[in-house]
Amino acid sequence: MASLMQGRLPISEDLLLMQKGTLMRKVRSKSWKKLRYFRLQDDGMTVWHARQAGGTAKPTFSISDVESVREGQESELLRSLAEELPLEQGFTIVFHGRRSNLDLVANSAEEAKIWMQGLQLLVDFVTGMDQQERLDHDWFQRGDKNQDGRMSFQEVQRLLHLMNVKMDQEYAFQLFQAADMSESGTLEGQEFVEFYKALTKRTEVQELFENFSADGQKLTLLEFVDFLQEEQKEGERASDLALELIDRYEPSDSGKLRHVLSMDGFLNYLCSKDGDIFNPTCLPVYQDMTQPLNHYYINSSHNTYLVGDQLYGQSSVEGYIRALKRGCRCVEVDIWDGPSGEPIVYHGHTLTSRIPFKDVVATVAQYAFQTSDYPVILSLENHCSWEQQQVMAYHLTEILGEQLLSTTLDGLLPTQLPSPEELRRKILVKGKKLRTLEEDLEEEEEEEELECELEREQEADTELEAQLESESQELSPRSKDKKKEKVVMCPLFCPPICCEVMVQAPISKAGSLLFSKQKSKPILCPSLSALVVYLKSVSFHSFTHSREHYRFYETSSFSEAKARSLIKEAGNEFVQHNAWQLSRVYPSGLRTDSSNYNPQELWNAGCQMVAMNVQTAGLEMDICDGFFRQNGGCGYVLKPDFLRDAQSSFHPERPISPFKAQTLLIQIISGQQLPKEDTSKERSIVDPLVRVEIFGVRPDKSRQETSYVENNGFNPYWGQTLSFQVLVPQLALLRFVVEDYNRKSRNDFIGQYTVPWSCMQQGYRHVHLLSKDGISLHPASIFVHISIREGPEGDES
């Protein structure tokens, strides 16, 4: 297998040098910097490390785990050590998911360049490999314990345990001998591929195939159309779709020409995105993006700067990079006065580390639109003095430039919030504002008029100066002084202090600055206030107070406890409130471990910005990630129509759906290559079970699970049907969870997948499992059949 992969690897001097090994400094913090010997293995797919050359080596990472490679100057940690470690010699390896970055410093800029170029070459190569090639290689690498490029039967037996296969030894040896075409007593290259194919034969899919095939050898076009209509519920488009799918998934050219589908082609289809439970039509941006912002759920992050807990965790720009790259469109920035006049970002009054505010703004500018073109909201928690607020405004304006929205789109007073489409590639500031938007726009008009008047006066003064110059011999020194006084006099006849700062702060109609009662300390820096346009933060008192005193561009924040109590006490009023004004909900301050609440119950009331600690994996983030996977992962999801109506009668606690209830029948058929949670237990085999959880309005929340299959994680079979009744399907999500049953302790987590009800496909579908961090566990999946019926169970009307 190693030789097979090497034959396909690109020829590169960089890779050859990496395979010889390099002594580099591994950097974890300012105080932890240690020399390690890193070497690319001969397979070109894994990097190992040791304390020194020739020392005992152990795996560091697989190329398939690497997301990207960054230069040293892009590393927050390496930048902090720039005086000690040259940035041009450093680089950062970024991994998928929540795994920490790996910062390395080579002995020269040339060595760093070799590793950066080589790693990027391999990442591109792995990305281009198809799933089956990657799979064959990964399993071979895990089974080939002595890394000699061949696999003995003893190593195959070990591999079977790693793959969760409990197989009769005699049968396993028969498969081994059949694959060993060279009769060498070992499996190499293509021989292992054939052995793997024999292991992964799908009898349940073969039976399904034969149910629709007249001869058991192929599906004709008409037979495949019947399958798509009857089982997959594809409707009238089945005929055209059948031709597309045959052309896409049938491996043989003759089959494509004859418009027939072989068993291999049928399996390819079922395992593809077209056979996935998640409807591929929901993967791109498919919703109307021209409605006002308050009509959308917005993927939102809480304490975005944290990559750990809220007491001692690390603050890092990496938190913003990860949040923005996973689709967050609202990020939070807590700003405090910092040293040398520069504001800093951290969780106030805690031991979390600090980062410069300008670094956060620069990071947002760089990563804001890498995943989505739709607007990013900077939710500012401002604790700074007047002086450092001015610095904040300067950094926002200078660093963000044209990305920053600093006035209304057309310069006119709007009647509703703009849409995500109108705000493409714009960054909006959410925060406190000194005045109303109306007053700002009115002042802008006054300032324009004032500028025109000043220009006219300047022209008149110029003419007067010319006249005075010609008469200079007749003017006394005192009269000249009077002329100068007239030129510098403030046109609004303000107190002298105004003229000193009028270029930095707007003046009220009365011509005086907005000061606090002490006169010496401003309430809020006007230059920062002016950058808040459509998202003015206001305190919430009551829904009546909001209707009577607030405007559509003003937004309130709610703690999770306050939001929950409002849903219980006045759920319908909350729904109506969220139909015309934006709401942000944030986790309790008691969640010092940065745990999360369930966002679903807040979405049920139409709350748009339900902020999550995205750095913390778990059920709650599974729900959030699953929900925002739809609509291109753009971070905006259109709310159902009954949550966009300001006169809506919907109550999230006592829902009366405008549609009939629906019954969901899920047959859990089989599982494929389920991984072990604890890979150190080579001899153990998992006992998998599947649990299906429904999240939605309170009456719809439920869960059911299958029995467990003993000692089979490779191809377990359940064949059990679960039934659910759902009252408000528009708000429902399904979460599939696979666990390793343990009679003595809590079950071990294996994998999960969450899908919105509206994006679920009916029929025979694969559910491709994800890890706790949301990373693909391919090829781990479960095979299911989905059926949705109108009305409650047993209602055939």
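Q: How many bridges join β2 to strand β3?
A: In this predicted model, local features need pLDDT of at least 70 and side-chain atom pairs count only at pLDDT 80 or more, while totals for chains, interfaces and linings use all residues. Residues are numbered from 1 along each chain as its sequence is written, and side-chain values use heavy atoms, with hydrogens and water left out. Strands here are DSSP runs of E with at least two residues, helices are runs of H or I with at least four, and both are numbered from the N terminus; two strands pair if DSSP finds at least two bridges between them. β2 and β3 (residues 46–50) run antiparallel, and the number of bridges joining them is 4.

Q: Which residue in the turn between β2 and β3 has a positive phi?
A: The two strands form a hairpin with 5 residues between them, and Leu40 stands opposite Val47 in β3. The residue in the turn with a positive phi, of about 75°, is Gly44.

Q: Which residue in β2 does Arg25 stand opposite?
A: Strand β1 (residues 22–27) is joined to β2 (residues 33–40) by 6 bridges, and the two run antiparallel. A hairpin of 5 residues leads from β1 to β2. Across this pairing, the residue opposite Arg25 is Leu35.

Q: Are α2 and α4 roughly parallel or roughly perpendicular to each other?
A: The axes, which are lines fitted to C-alpha atoms over the stretch in contact, with angles from 0 to 180 degrees between N-to-C directions, come within 9 Å for α2 (residues 13–20) and α4 (residues 109–128) and cross at roughly 110°. Angles under 35 degrees count as roughly parallel, over 145 as roughly antiparallel, 65 to 115 as roughly perpendicular and the rest as oblique. The two helices are therefore roughly perpendicular.

Q: What is the handedness of the crossing of α6 and α7?
A: The axes of α6 (residues 153–162) and α7 (residues 169–179) come within 11 Å and cross at roughly 120°, and the helices are therefore oblique to each other. A crossing is left-handed if the near helix is turned anticlockwise from the far one by less than a right angle, and right-handed if clockwise. For α6 and α7 the crossing is right-handed.

Q: Which residues in α7 do Phe153, Val156, Gln157 and Leu160 in α6 meet?
A: Contact means heavy atoms within 4.5 Å. On that criterion, the four residues of α6 meet Gln169, Ala172, Phe173 and Phe176.
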